[in-house]
Amino acid sequence: MSQVEHRAERSFAIKGTLVFTAQRDQFTIMENAYLVCEGKKVAGAYDTLPDQYRQIDVLDMGGKFVIPGTCDIHVHASQASFQGIGQNIENGQWNTWFDRYAFPDESRFNDIAYAEQAYTRFAESLLATPTTRLCAYATTSREATEILMKVLAKYGFAGYVGKVNMDRNSSPGLLETTRETIAQTRLWLEETKNGIGAIYPILTPRYFPSCTESCLQQLGQLAEEYHVPVQSHLSEGLDEIDWVRELAPDLDYYAQAYDRAGLLGSQTQAVMAHCVFSSPEEVETLKKRNVLVAHCPQSNMNSCGCAAPIMDYLDAGIKVGLGTDVGGGNTLNMFRTMFEAILASKVFWASKNSARNMDQRKVLSLPNAFYLATKGGGVLWKSGSFEPGYCFDAVIL
Ligand code: FE
């Protein structure tokens with residue numbers, strides 16, 4: 001697998017079998033066709049090369065498939081070193097996984113040499129996948145977050161990276177005071193607001209139980225001041241929802257904690273991972289605030305054996321993309337994630353209905369899953385399709 005990077009400045013074309021999903025229900029497949037790139041954007045996909053492009057270079061890939069780069073919109077770069085470990089979470093308690101695996105390992109990124117090495121390995125692993133764009137979590141360390149941004153830019157990736165905020169319910173080495181976490185976030189935004197290569201900052205309160213309301217409020221102000229998007233976790237597990245209710249009994253539903261801090265504002269694009277157990281009111285908010293749901297099927301099945309109601313979200317007009325959620329998930333490969341999204345939708349349907357007479361309109365088809373992995377998550381950048389004007393992210397298989 002090789003990647004033609006989004007950095008190409010001059011016009012050129014790739015000849016091959018183009019496969020993409022302009023619509024979510026069907027593949028567009030063009031054999032022996034030309035995909036023309038003009039100034040980093042797709043100029044068009046053509047069966048024969050139009051006259052005005054006669055002079056441009058053509059990279060003839062023969063019968064190879066050419067697909068849009070996949071967008072992994074929920075991945076913890078800092079957990080890649082232990083992906084696949086601890087999948088049998090003790091007593092079904094997600095928190096024990098944090099205490100045993102995630103927090104101790106994430107605190108190691110305070111050591112810059114370790115961060116450099118681990119993030120380089122992460123980027124190298126990602127090169128072996130069809131992913132060209134991502135929304136990644138680093139750790140609470142500002143310095144290490146900037147290292148991740150530089151490493152991803154160096155390897156030609158595009159997307160967002162977040163310095164994680166945690167000012168409660170964390171562990172030594174990661175826990176910051178509210179004042180520290182906001183000051184470090186502001187400094188980081190100042191240093192990276194213009195991007196490092198094609199990697200930009202995204203505000204990343206880990207999730208409500210690890211961020212005080214004061215922290216969320218101040219992050220909401222930063223989102224508005226710097227016009228940066230926001231990513232977090234939402235309604236991933238029932239224990240988590242109980243905990244949220246305990247921490248803030250006045251909330252009508254979980255997402256309200258982010259919404260009242262201005263983190264789901266219509267001016268701020270929010271990416272919320274999971275949404276497995278969202279209440280009807282919460283689903284209404286996802287729609288009203290134009291939130292992008294990061295569906296992480298493998299991670300959901302690992303953590304609670306459940307799946308999110310993705311077809312319902314799509315039918316309701318809610319935006320959805322796919323995430324690997326490494327290390328809750330154990331692969332960076334978005335092809336695996338597409339496959340698991342299909343399985344998860346079938347398991348979800350059967351759990352709500354019956355194992356007989358599956359309604360094929362209510363489970364993900366292959367083009368549906370491909371769409372979510374490319375154009376669905378790509379809505380953040382106008383990428384993931386070969387329609388004119390889309391970012392030219394092409395992967396040759
Ligand atoms: Fe996650």
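1. I73 lies in strand β6. Strands here (E, at least two residues) and helices (H or I, at least four residues) are DSSP runs, numbered from the N terminus. The model is predicted, so local features need pLDDT of at least 70 and side-chain atom pairs count only at pLDDT 80 or more, while totals for chains, interfaces and linings use all residues. Residues are numbered from 1 along each chain as its sequence is written, and side-chain values use heavy atoms, with hydrogens and water left out.

2. Is I73 buried or exposed? I73 counts as buried, because its relative accessibility is 0%. The term buried means under 20% relative accessible area, exposed means over 50%, and partly exposed lies in between (1.4 Å probe, protein chains only). Not counting residues up to four places away in sequence, I73 touches C135, V271, L292, V293, A294, G321, L322, G323, G377, L380 and W381; a contact means heavy atoms within 4.5 Å. By comparison of positions, the C-alpha atoms of I73 and L364 are separated by 19 Å, and these residues are 291 apart along the chain.

3. Strand β6 belongs to an open sheet of four strands with the order β6-β7-β8-β10 and parallel pairing. Since β6 (70–76) and β10 (198–201) stand at the edges with a single partner strand each, one side of each is left without a neighbour in the sheet. Neighbouring strands of this sheet are turned by 20° against each other on average, direction ignored. Such angles run from 0 to 180 degrees between N-to-C directions, and axes are lines fitted to C-alpha atoms, for helices over the stretch in contact.

4. Strand β6 pairs in the parallel sense with strand β7 (residues 131–137) over five bridges; two strands pair if DSSP finds at least two bridges between them. Within this pair, D72 stands opposite L134 in β7. As background, strands of a sheet pair through backbone hydrogen bonds, either parallel or antiparallel.

5. A further open sheet of four strands has parallel pairing and the order β12-β13-β14-β15. Its edge strands, β12 (230–234) and β15 (319–322), each pair on one side only. On average, neighbouring strands of this sheet are turned by 30° against each other, direction ignored.

6. Strand β12 runs parallel to β13 (residues 270–274), and five bridges join them; here H233 stands opposite A273 in β13. Strands β14 and β15 pair in the parallel sense over four bridges, and the bridge partner of L292 in β15 is K319.

7. Helix α12 (residues 366–376) lies across β14 (292–295) and β15, and runs at about 95° to β15.

8. Helix α12 also meets helix α11 (residues 334–352): their axes come within 9 Å and cross at roughly 130°. This angle makes α11 oblique to α12. The contact is made by M334, M338 and I342 of α11 and by L366, A369, F370 and A373 of α12. By class, this contact of α11 with α12 has seven nonpolar, no polar and no charged residues.

9. Helix α4 (residues 178–192) packs with helix α5 (residues 213–226) at an angle of about 15°, their axes being 10 Å apart. This makes α4 roughly parallel to α5. From α4 the contact involves T178, T181, I182, T185, R186, L189 and E190, and from α5 it involves S214, C215, Q218, L219, L222, E225 and Y226. By class, the contact of α4 with α5 has six nonpolar, five polar and three charged residues.

10. Two loop residues complete the note. F208 is found in the loop between β11 (204–205) and α5, and F208 is buried, with a relative accessible area of 0%. Leaving aside neighbours within four places in sequence, F208 is in contact with residues including R168, E213, L216 and Y254. S235 is placed in the loop between β12 and α6 (238–247) and is buried, with a relative accessible area of 1%. Among the contacts of S235, leaving aside neighbours within four places in sequence, are E240, Y254, C275 and E282.

Note on methods:
Parallel < 35°, antiparallel > 145°, perpendicular 65-115°, else oblique. Nonpolar A, V, L, I, M, F, W, Y, C, P; charged D, E, K, R; others polar.
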